[in-house]
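Please consult it with the model at hand.

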Amino acid sequence: MGTRKIIQKEYPINKNNMKICFIGTYDKNYTGNKIVLEGLLRNKVKVSEVNAEVKLTRLDSKKDMTWMNMAKRLAKKYRFAVVVGKNIDKIKNSDIFYVGYPGHMDVLLVYPLAKTFNKKIAFAPVISFYSGFSDEQGILNKGSVMATISKYGETLVYKCVDLVLPDTPYQKEFFQKTFNIPERKLRVLPIGADDKYYKHTPYKNKSKKINVVYYGLYSPIHGVEYIIEAANLLKNDRDIKFTFVGQGNTFEENYNRAQKLHLENVEFFHDIPVEEHPAIIEKADIFLGFLEKHPTVERVIPNKVYQGLALGKVVVTTDVPVIRSIFTHKENMYFTKPASAEELAKAIKELKEKPVLRKKIADNGYALFKKKFTPKAVGNQLLHFMEEVI
């Protein structure tokens, strides 16, 4: 698969006329929702919220996907009908609905409203639940009844939507082929990062003492095990520290591995409130992205990449076409070979020895973020796509 350059433009928006209804049971604190809402507001369009908020829950194991637990999660959405009744004027007076995340099931709730009031629906799925639970997390067996139902249900969701917003051209191809989505419905919208939460500080560290940060939910496709092994390879270098922030699917096995290896150069922050995360990750020199070799890694760009750019850090991530379609090695990002602790260790060592290179990559990465991936830039693109369908 060749590399495709992702082209982003600034679009003139007829802001005074468009009215957007941000609708669903979406979690207001979910990063993607905050970026989109903030981006729309920064572009000075009229946005109303119709939200029966259900907090985002983690789905890390097979027990989370039992019929009983699925039913319990769906039952929490009952309040949506009440909220719709109280906000019917907002719904009728809007031009288009934007379904917040997680919103796959919400699309099916919003669809009758869209038909009744002749409105369009836009939805950024962020992930494919079918692919996420089977390919990435390994929670569902692809041949299982639940996986089949998941794929059928997700296909139905995209049939109900007028505008589907994958985050890269590679993810767009995957959605198109897997769920048979017509080309006319698909537009590529990058995830971006919330620059109010991930605040930039100019990169100033000229020393060879560095902090390598992993920040995330320990998904199997993150490749945390390679970070642990790289830390082991570099354990005699007292200038290199590894910091792990977050908790999730593979946390226990990676934490236990670090303990077994008696690694004194690693520190885990896994039981602290999310409000305290920024103060920890802002101390990074190197900010790690995806490191695994996996089909999903080849088609998506994770939040953590944009977050690292927003913070003004050196982002190190695996070398795949989707990354090369936007970024340049040793210019605004550092690429490393996937699924290789040895190559990751080499990358970290080179960056440690070259403070000037670190500053160059960090500064250029932040400049690119400011140009293309702030909430305002993402919101501007979204508004253009909405204008095309209404």
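1. Tyr-158 and Phe-175 are both buried, where buried means under 20% relative accessible area, exposed over 50% and partly exposed in between, with a 1.4 Å probe and protein chains only. Their ring centres are 5.5 Å apart with the planes at 85°, so this pair is edge-to-face. Tyr-158 belongs to helix H7 (residues 145–160) and Phe-175 to helix H8 (residues 169–179), so the pair ties together parts that are 17 residues apart in sequence. Rings of Phe, Tyr and Trp (its six-membered ring) are paired if their centres lie within 6.5 Å; planes under 30 degrees apart are stacked, over 60 edge-to-face, and the rest tilted.

2. A second pair joins Phe-327 and Phe-373, whose ring centres lie 6.3 Å apart with planes at 45°, so it is tilted. Phe-327 sits in the loop between helix H13 (321–324) and strand E11 (334–336), and Phe-373 in the loop between helix H15 (355–372) and helix H16 (375–389), so the pair ties together parts that are 46 residues apart in sequence. Phe-327 is buried at a relative accessible area of 2%, and Phe-373 is buried at 0%.

3. The whole structure contains 21 aromatic pairs. Ring pairs also link Tyr-214, Tyr-218, Phe-244, Phe-251, Tyr-255 and Phe-268 into a cluster.

4. Arg-299 lies over the face of Phe-174, 3.6 Å from the ring centre. The criterion is that NZ of Lys or CZ of Arg is within 6 Å of the ring centre and within 35 degrees of the ring normal.

5. How many disulfides does the structure hold? It holds zero, a disulfide being a pair of cysteine sulfur atoms within 2.5 Å. Cys-21 is buried at 0% relative accessibility, and Cys-160 is buried with a relative accessible area of 11%.

6. For the chain overall, there are 16 helices and eleven strands; these are DSSP runs numbered from the N terminus, with helices (H or I) of at least four residues and strands (E) of at least two. Of its 390 residues, 57% count as buried. Among contacts (heavy atoms within 4.5 Å) with a separation of 6 or more, 76% are between residues 24 or more positions apart.

7. On the basis of the values: this is a predicted model, in which local features need pLDDT of at least 70 and side-chain atom pairs count only at pLDDT 80 or more, while totals for chains, interfaces and linings use all residues. Residues are numbered from 1 along each chain as its sequence is written, and side-chain values use heavy atoms, with hydrogens and water left out.
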